[in-house]
Amino acid sequence: YEAGLRGENSEYSWDTSAFVIHRQNITGTSGTVLSNASSARYHGAEASFTLKDVLSSKNVNEVDLYTNGIYNNAEFRRGTLKGKTPGYVPAAILKYG
């Protein structure tokens with residue numbers, strides 16, 4: 001499930017969302033042992049903001065500045081890995097440019 005809001009005008013745009021994902025029949029590792037982890041839940045939020053054409057008065061092609069942040073909380077819900085975090089799921093990501 002996911003829900004969010006977004007908006008835009010001539011100077012900036014923004015986007016926010018929250019999500020919950022339930023996965024079944026997945027595998028996970030504990031040390032070097034691969035096992036059936038049964039299920040996992042992922043939930044979190046994401047937000048982004050873009051400032052448009054920041055150098056418009058300098059006779060330069062359009063240049064935008066952006067930032068994007070994600071918070072993610074994931075854990076195995078059942079099985080031998082219950083309560084642990086699935087692999088490759090960072091708690092937070094921040095991008096900008």
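Contact here means heavy atoms within 4.5 Å. The model is predicted.

**Ser13 in strand E2**

- Ser13 sits in strand E2.
- Leaving aside neighbours within four places in sequence, Ser13 is in contact with Gly7, Glu8, Ser48, Phe49, Thr50 and Lys52.
- Ser13 has a relative accessibility of 18%. The cut-off for buried is under 20%, so Ser13 counts as buried.

**E1 with E2**

- E1 and E2 run antiparallel and are joined by 7 bridges.
- Arg6 has Asp15 in E2 as its bridge partner.
- The hairpin from E1 to E2 passes through 3 residues.

**E2 with E3**

- E2 and E3 also run antiparallel, with 18 bridges joining them.
- Across this pairing, Ala18 stands opposite Ala45 in E3.
- The hairpin of E2 and E3 has 2 residues between the strands. In this hairpin, Gly31 takes a positive phi near 70 degrees.

**E3 with E4**

- E3 pairs with strand E4 (residues 65-76) over 12 bridges, in the antiparallel sense.
- Thr50 has Tyr66 in E4 as its bridge partner.

- Lys52 lies in the loop between E3 and E4.
- Which residues does Lys52 touch, not counting those up to four places away in sequence? They are Glu8, Asn9, Ser10, Glu11, Tyr12, Ser13, Val63 and Asp64.
- Lys52 and Glu11 are 41 residues apart along the chain, yet their C-alpha atoms are separated by 5.2 Å.
- The Lys52 side chain makes a polar contact of 2.5 Å with the side chain of Glu8.
- A polar atom of the Lys52 side chain also lies 2.9 Å from the backbone oxygen of Asn9.

**The aromatic pair**

- How many aromatic pairs does a search of the whole structure find? The search finds 1.
- That pair is Tyr12 with Phe49. Their ring centres are 5.6 Å apart, with 25 degrees between the planes.
- The pair counts as stacked, because planes under 30 degrees apart are classed that way.
- Tyr12 belongs to strand E2 (residues 12-30) and Phe49 to strand E3 (residues 33-51). The two residues are 37 apart, so the pair links distant parts of the chain.
- Are these two residues buried, exposed or partly exposed? Tyr12 is partly exposed, at 31% relative accessible area. Phe49 is partly exposed too, at 37%.

**Gly44 in strand E3**

- Gly44 is found in strand E3.
- Gly44 is buried, with a relative accessible area of 12%.
- Beyond neighbours within four places in sequence, Gly44 is in contact with Ser17, Ala18, Phe19, Tyr71 and Asn72.
- The C-alpha atoms of Gly44 and Ile21 are separated by 9.3 Å. These two residues are 23 apart along the chain.

**The largest nonpolar core**

- The largest nonpolar core has 8 residues in all. They are Ile26, Ala37, Ala40, Tyr42, Ala74, Phe76, Leu81 and Val89.
- E3 and E4 are the elements that give two or more residues to this core.
- E3 supplies the largest share, 3 residues.
- In soluble globular proteins, nonpolar side chains tend to be buried together.
- Ala40 is one of the core residues. Leaving aside neighbours within four places in sequence, Ala40 is in contact with Ile21, His22, Arg23, Ile26, Glu75, Phe76, Arg77 and Pro86.
- Among those contacts of Ala40 are Ile26 and Phe76, which also belong to the core.

Note on methods. Residues numbered from 1 in each chain as written. Predicted model: local features only at pLDDT ≥ 70, side-chain atom pairs only at ≥ 80, totals over all residues. Heavy atoms only, no water. Phe/Tyr/Trp six-rings, centres within 6.5 Å; stacked < 30°, edge-to-face > 60°. Helix = DSSP H or I, 4+ residues; strand = E, 2+ residues; numbered from the N terminus. Buried < 20%, exposed > 50% of the residue type's maximum accessible area, 1.4 Å probe, protein only. Pairing = 2+ DSSP bridges. Polar contact = N/O pair within 3.5 Å; in protein donor to acceptor, adjacent residues only side chain to side chain. Core = buried A, V, L, I, M, F, W, Y, C linked by side-chain atoms within 4.5 Å.
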